[in-house]
Amino acid sequence: MIRALGIVPLAFFLLPLCVQAQSQSSYFAAADLDHDKRLSLVEFQEWMSYAFHRMDANHNDVLEPEEQHVTRATRLTLAELHTRQAEQFRRQDKNGDGYLSQKEFLAPPG
Ligand SMILES: [Ca+2]
Ligand SMILES: [Ca+2]
């Protein structure tokens, strides 16, 4: 009984770590469209634009303030978003090889 109680908290501690590791690699795998274990800029932009496309109700590649559901939102075009994403991509590409490894992709943008 005492041993069982000792194991339970450990299991609760380890479980989120395992789930987190798995979800991080599946998050990366989902973005890696050609499955070459690295993200090109196009794959990165495709993945990062998911929310944009979901919010772009009339599919004109422009998010009008009323489509963004945020107070004082400014108009955002898909081209502007891609420019910002390209800048973020370059910051995250720490070794400068033009691709994001899983580690580079999952690291917080600096
Ligand atoms: Ca890829
Ligand atoms: Ca890289």
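How many helices and how many strands does the protein have? The protein has six helices and two strands, where helices (H or I, at least four residues) and strands (E, at least two) are DSSP runs numbered from the N terminus. Colour the cartoon by element and follow the chain from the N terminus, and the order reads α-α-α-β-α-β-α-α.

Before going on, please note that this is a predicted model, in which local features need pLDDT of at least 70 and side-chain atom pairs count only at pLDDT 80 or more, while totals for chains, interfaces and linings use all residues. Residues are numbered from 1 along each chain as its sequence is written, and chains are lettered from A and ligands numbered from 1 in the order in which they are written.

**Overall burial and contacts**

Of the 110 residues of the protein, 8% count as buried; a residue is buried if 20 or more other C-beta atoms lie within 10 Å of its own, exposed if 12 or fewer, and partly exposed in between, with C-beta atoms placed from the backbone. Two residues are in contact if their C-beta atoms, placed from the backbone in the same way, lie within 7 Å. Among the contacts in the protein with a separation of 6 or more, 39% are between residues 24 or more positions apart.

**The nonpolar core**

Now select L39, F44, F89, L100 and F105 and show their side chains, since these five residues make up the largest nonpolar core, which is a set of buried Ala, Val, Leu, Ile, Met, Phe, Trp, Tyr and Cys residues joined through C-beta atoms within 7 Å. In soluble globular proteins, nonpolar side chains tend to be buried together.

Centre the view on F105, in helix α6 (residues 102-106). F105 is buried because 21 other C-beta atoms lie within 10 Å. Leaving out residues up to four places away in sequence, F105 touches F28, L39, Q92 and L100.

**Helix α2 against helix α5**

Select α2 (41-48) together with α5 (residues 78-92). The two helices pack at an angle of about 120°, with their axes 10 Å apart; axes are lines fitted to C-alpha atoms, for helices over the stretch in contact, and angles run from 0 to 180 degrees between N-to-C directions. α2 and α5 are therefore oblique to each other, given that angles under 35 degrees count as roughly parallel, over 145 as roughly antiparallel, 65 to 115 as roughly perpendicular and the rest as oblique.

Which residues make the contact? From α2 they are L41, F44, Q45 and M48, and from α5 they are H82, Q85, A86 and F89. Colouring these residues by type gives five nonpolar, three polar and no charged, where Ala, Val, Leu, Ile, Met, Phe, Trp, Tyr, Cys and Pro count as nonpolar, Asp, Glu, Lys and Arg as charged, and the others, Gly among them, as polar.

While α5 is still selected, pick out A79, which lies in this helix and is exposed, with 9 other C-beta atoms within 10 Å. A79 and V62 are 17 residues apart in sequence, and their C-alpha atoms are 8.7 Å apart in space.

**Loops with positive phi**

Most residues other than glycine have a negative phi, and most peptide bonds are trans. Select K37, in the loop between α1 (2-31) and α2 (41-48), where phi is positive, near 65°. K37 counts as exposed because it has 11 C-beta neighbours inside 10 Å.

In this loop between α1 and α2 you will also find L33, which is partly exposed, with 13 C-beta neighbours inside 10 Å. L33 touches E43 and E46, not counting residues up to four places away in sequence.

Finish at D61, in the loop between α3 (50-55) and β1 (62-63), which has a positive phi of about 60° although it is not a glycine. With 15 C-beta neighbours inside 10 Å, D61 counts as partly exposed.
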